[in-house]
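Take a look at the sequence and the model below. Then read through the report, one topic at a time.

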Amino acid sequence: MDLHFGDSKPSDEERAAVDALLGPPESSWEGADRSDADLRWARGGREARARRDLLLPGLHAVNDRVGWISEGALAYLCRRLTVPPAEAYGVATFYAMFSVKPRPATVLHVCTDLACLAAGAPELCEGVESRLGPGSGVSVQRGPCLGLCERAPAALAIRAGDPVRTAVAAPATVERAVLAASAPGSAAGEPPAERALPQAGDPSLILLRRVGVVDPADLDDYRAHGGYTALRRAFALGPAGVVREVTESGLVGRGGAAFPTGRKWQATASRPETPHYLVCNADESEPGTFKDRVLMEGDPYALVEAMTVAGYATGAHQGYLYLRGEYPRALRRMEHAIGRARARGLLGDDVLGQGYAFDIEIRRGAGAYVCGEETALFNSIEGHRGEPRTKPPFPVEKGLFGRPTAENNVETLVNVLPVLTMGAEAYAAIGTAGSTGPKLYCVSGSVERPGVWELPFGATLRELLERAGVREGLRAVLLGGAAGGFVRPDELDVPLTFEGTREAGTTLGSGVVMAFDDTVPLPRLLLRIAAFFRDESCGQCVPCRVGTVRQEEALHRIAERTGAAAAHDVALLREVGRAMRDASICGLGQTAWNAVESAIDRLGVYA
Amino acid sequence: MTVTPLGTPRRLVEFTLDGEPVRAPEGSPLLDACRSAGKDVPALCQGDTLTPKNACRICVVEVEGARTLVPACSRGAEQGMRVRTDTERVRHSRRIVLELLASSVDLSTTPRVAGWIEEYGAEPGRFGPDAARVDEEPRVDNTLYVRDYDKCILCYKCVDACGDQWQNTFAIAVAGRGFDARIAVEHDAPLTDSACVYCGNCIEVCPTGALSFRSEFDMRAAGTWDESAQTATTTVCAYCGVGCNLTLHVQDNEIVKVTSPHDNPVTHGNLCIKGRFGYQHVQNRD
Ligand code: SF4
Ligand code: SF4
Ligand code: SF4
Ligand code: FES
Ligand code: FES
């Protein structure tokens with residue numbers, strides 16, 4: 001490699017931000033002042049390149065401190081990590097939360113996604129923009145779902161500095177959003193996590209039972225509420241025993257793909273290559289999803305314990321928690337919980353004195369829905385663009401850093417705790433034969449009691465909506481998020497199981513349930529969904545990169561048209577949609593047409 | 001003497017290709033099997049000396065049991081596979097992908113694509129006159145080569161060739177994302193401010209003419225570029241002792257560009273700035 005770093009210099013601020021992460025540079029080869037010793041040796045090569053995975057944290061460090069990433073800052077970071085600047089620039093420009101152009105220190109992200117759209121996001125944006133004009137020192141960014149849908153409309157303010165300050169306004173009024181942006185340090189705090197649980201305190205809860213009951217900061221309180229009994233049981237069973245238990249429980253992944261967790265763990269555990277990795281996907285970016293946030297905010301130690309169990313079962317000694325960049329409170333709570341667990345010997349070289357070494361590192365995403373795709377997530381952690389890889393090879397063979405990796409989302413992992421404490425048999429008795437256990441649903445939109453609901457698999461959509469208090473005039477329900485599909489008000493008896501939704505020609509996806517009444521024009525929702533996919537496509541493959549653009553264009557053309565006037569574009573949508581589904585590399589492109597198709601076929605939106 | 005690297009022997013697997021039994025080394029690309037069986041599977045982002053990026057999705061085939069179509073350029077042969085290369089489903093995807101590409105970038109200098117557009121009945125015009133296009137001015141920022149991203153299909157070949165697969169210079173990468181993704185040096189600067197060493201290896205692999213010799217670019221602009229009037233002669237580079245093969249493309253007794261044979265065991269198509277661009281002295285006749 002003959003790297004060329006240019007001659008732009010970092011500012012003191014930028015240098016300090018990078019040095020705070022990486023420590024001071026040791027030689028002039030990586031940006032320190034030149035000394036005599038530097039003339040006799042060259043630093044770099046393999047050792048420095050092995051730190052490529054610190055690129056994303058490094059970009060965050062600069063962006064957090066200064067608000068954007070200048071040429072000098074990027075060059076310095078590249079020098080420190082021996083990363084080619086062109087590649088680092090490619091990474092920096094991949095993520096929505098970074099800017100490589102100067103911008104104000106404060107950015108106000110206003111959600112314009114589905115639940116917020118229905119709750120008046122456009123008016124909110126206009127109000128905020130007219131109050132925060134160009135001279136206000138705030139850059140207003142309209143963007144995708146912030147995972148606060150139960151309190152829509154939502155806004156998140158981030159002010160760069162040391163430390164970086166964040167404030168959430170949800171439900172947001174113009175005043176609250178402006179206040180959050182102008183004084184993020186003193187804006188009103190968020191309501192406690194359990195406010196997102198309409199069932200809080202219900203003794204039948206399994207996954208959510210501790211949310212709002214334990215103090216999320218207190219490890220002893222967690223233990224007093226049954227914490228760490230699952231890990232003890234895991235140690236008693238041994239890794240193979242844990243895998244067997246999880247397999248027998250029938251637990252399948254809750255992220256949307258519904259792959260059997262036990263099989264994934266078994267496949268990872270049995271690979272001869274080492275090391276193995278465990279990755280927890282907490283990059284919850286599906287519009288309408290917020291359950292992982294609530295779990296991490298309300299019961300963070302549960303995730304630490306569950307990751308430890310999973311690491312133990314799969315033979316991993318290092319776990320990565322890839323946490324959505326837009327979740328500042330979840331990040332703080334998880335950081336705290338991991339630190340406490342480490343201090344108390346529940347992470348580290350000798351977990352619980354059992355001779356098993358395991359630790360967890362948090363990696364923050366930076367605004368890219370596609371990083372929820374497991375292989376894109378690996379690339380992102382490794383310091384590359386978050387572009388999905390082709391499968392095969394599958395992650396259990398060649399995952400993170402090319403090693404066998406088990407990747408599970410937060411909800412899936414948290415299910416492992418009751419599997420071990422109740423036993424596989426009792427767990428499998430919950431739900432149906434094909435879909436076992438409890439399931440979390442993120443209910444938002446036109447309902448009285450939005451939030452995270454826990455019901456055993458098999459409850460019908462109608463039961464769920466009735467409990468959530470669906471409002472008059474229901475027009476459509478979006479099941480599974482933007483990658484899912486719409487169902488009609490007369491289809492509410494569909495059982496919420498993997499097999500039941502499949503039979504009904506729809507999907508459970510990640511458990512999103514968004515109810516829309518007839519005040520929200522459907523074509524507008526579809527346009528928003530199309531814009532979302534066009535924005536979030538990584539751009540790697542042609543069907544998705546161009547197809548999502550053509551889809552959005554066609555929907556714009558149809559807008560309010562129906563019948564014969566829309567027929568040509570509907571046919572075009574079908575043809576492009578079919579190719580996206582068939583020929584795209586990853587799930588993003590493959591599902592980008594699902595919701596639109598279901599709106600056409602099931603809701604007859606342009607008929 | 002040509003030395004062919006043998007690699008580790010791989011066992012042969014048997015599978016069917018459009019119903020006919022075929023054998024191929026385990027894990028070898030389905031595209032190779034298709035080609036040896038005489039099937040004309042179109043491919044754009046695949047290159048003979050680079051790891052396929054399988055980004056263009058034009059080579060897709062149907063593999064029984066797979067939920068989606070699979071890229072023939074990068075899916076390896078497995079025992080007992082059933083592969084179909086020409087079903088309605090396959091043809092549909094290829095047609096749409098061709099339409100999407102041709103409606104968004106300029107494919108006029110991409111070899112073979114016009115034939116595929118006809119063969120698959122693609123109609124790039126049907127997305128309407130306002131369909132989004134790349135529409136960028138060519139970047140002419142140095143005297144050796146031109147980057148015309150209006151013609152770029154984002155096949156990643158130049159990035160891989162400049163990076164760890166050929167040149168190890170890492171001067172260019174993909175920046176941005178989605179429809180706005182582009183090949184760029186850091187901060188989208190001119191090439192002259194980057195790490196580029198002008199080896200021209202990226203031009204060598206570019207399948208579309210998005211990267212081209214300045215000589216070719218200027219001649220095309222002047223309307224004097226005429227491939228049919230060109231001869232190609234392969235010779236040995238005279239600059240140093242490595243012995244790289246050069247193919248001189250000559251029109252009207254002038255060298256108009258230099259390429260390098262990919263099957264050469266020494267260079268696999270790689271050259272340095274001198275071999276690639278340093279030909280003027282040959283034609284300074286006075
Ligand atoms: S389908 Fe879309 S997001 Fe997935 S790899 Fe292709 S371009 Fe990227
Ligand atoms: S000419 Fe060589 S160094 Fe320059 S961008 Fe192309 S491959 Fe990279
Ligand atoms: S410039 Fe050429 S080689 Fe590079 S990505 Fe574009 S089409 Fe491919
Ligand atoms: S926070 Fe706005 S839709 Fe989720
Ligand atoms: S040639 Fe196979 S996907 Fe491009």
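## Aromatic pairs

Over all chains, this predicted model holds 18 aromatic pairs. One of them joins A:F532 and A:F533.

The cut-off for buried is under 20%.

Ring pairs can also link up into a cluster. A:F235, A:Y312, A:Y356 and A:F358 are joined in this way.

## Charges over rings

Some rings have a charged group over the face. In chain A, A:K439 lies over A:Y441, at 5.7 Å from the ring centre.

Another case involves both chains. B:R177 has its charged end over the ring of A:F94. The distance to the centre of that ring is 5.8 Å.

## Chain A as a whole

Chain A contains 24 helices and 13 strands. Its radius of gyration is 24 Å. The globule rule gives 25 Å for 607 residues, so chain A is as compact as a globular protein of that length. Its C-alpha atoms fill a box of roughly 80 × 60 × 50 Å along the principal axes.

How much of chain A is buried? The share is 62% of its 607 residues. Now take the contacts in chain A with a separation of 6 or more. Of these, 71% come from residues 24 or more positions apart.

Start with A:E87. This residue sits in helix α5, which covers residues 85-92. Its relative accessible area is 17%, so A:E87 counts as buried. Setting aside residues up to four places away in sequence, A:E87 touches A:R52, B:F170 and B:A173. Those partners include residues of chain B.

Next comes A:E387, in the loop between α15 (374-381) and β8 (405-409). A:E387 is buried, at 7% relative accessibility. Which residues does A:E387 touch, not counting those up to four places away in sequence? In chain A they are A:F94, A:T375, A:A376, A:N379, A:C538 and A:Q540. In chain B they are B:K53 and B:Y156. A:F94 is also the residue whose ring has the charged end of B:R177 over it.

At 1% relative accessibility, A:S435 is buried. Leaving aside neighbours within four places in sequence, A:S435 is in contact with A:I430, A:F457, A:T497, A:F498 and A:E499. A:A559 is 124 residues away from A:S435 in sequence. In space, their C-alpha atoms are 39 Å apart.

## Chain B as a whole

Chain B has eight helices and twelve strands. The radius of gyration is 20 Å, close to the 19 Å that the globule rule gives for 286 residues. Chain B is therefore as compact as a globular protein of that length. Along the principal axes, the C-alpha trace spans about 65 × 55 × 40 Å.

In chain B, 55% of the 286 residues count as buried. Among contacts with a separation of 6 or more, 57% come from residues 24 or more positions apart.

## Around the ligands

Ligand 1 is surrounded by 13 residues. The closest are A:C538, A:C541, A:C544, A:C586 and A:G589. By class, its shell has eight nonpolar, five polar and no charged residues. A:C538 is also one of the residues that A:E387 touches.

Which residues lie around ligand 2? They are B:Y145, B:C162, B:T169, B:C196, B:V197, B:Y198, B:C199, B:G200 and B:C202. Seven residues of this shell are nonpolar, two are polar and none is charged. The shell around ligand 3 includes B:C152, B:C155, B:C158 and B:C206. B:Y156, a residue that A:E387 touches, is also among the residues around ligand 3. This shell has eleven nonpolar residues, one polar and no charged.

Note on methods:
Residues are numbered from 1 along each chain as its sequence is written. Chains are lettered from A and ligands numbered from 1 in the order in which they are written. This is a predicted model: local features need pLDDT of at least 70, side-chain atom pairs count only at pLDDT 80 or more; totals for chains, interfaces and linings use all residues. Side-chain values use heavy atoms; hydrogens and water are left out. Rings of Phe, Tyr and Trp (its six-membered ring) pair if their centres lie within 6.5 Å; planes under 30 degrees apart count as stacked, over 60 as edge-to-face and the rest as tilted. A charge sits over a ring if NZ of Lys or CZ of Arg is within 6 Å of the ring centre and within 35 degrees of the ring normal. A residue is near a molecule or strand if one of its heavy atoms lies within 4 Å of it. Ala, Val, Leu, Ile, Met, Phe, Trp, Tyr, Cys and Pro count as nonpolar, Asp, Glu, Lys and Arg as charged, and the others, Gly among them, as polar. Helices (H or I, at least four residues) and strands (E, at least two) are DSSP runs, numbered from the N terminus. The radius of gyration is taken over C-alpha atoms; the globule rule is 2.2 Å times the number of residues to the power 0.38. Buried means under 20% relative accessible area, exposed over 50%, partly exposed in between (1.4 Å probe, protein chains only). Contact means heavy atoms within 4.5 Å.
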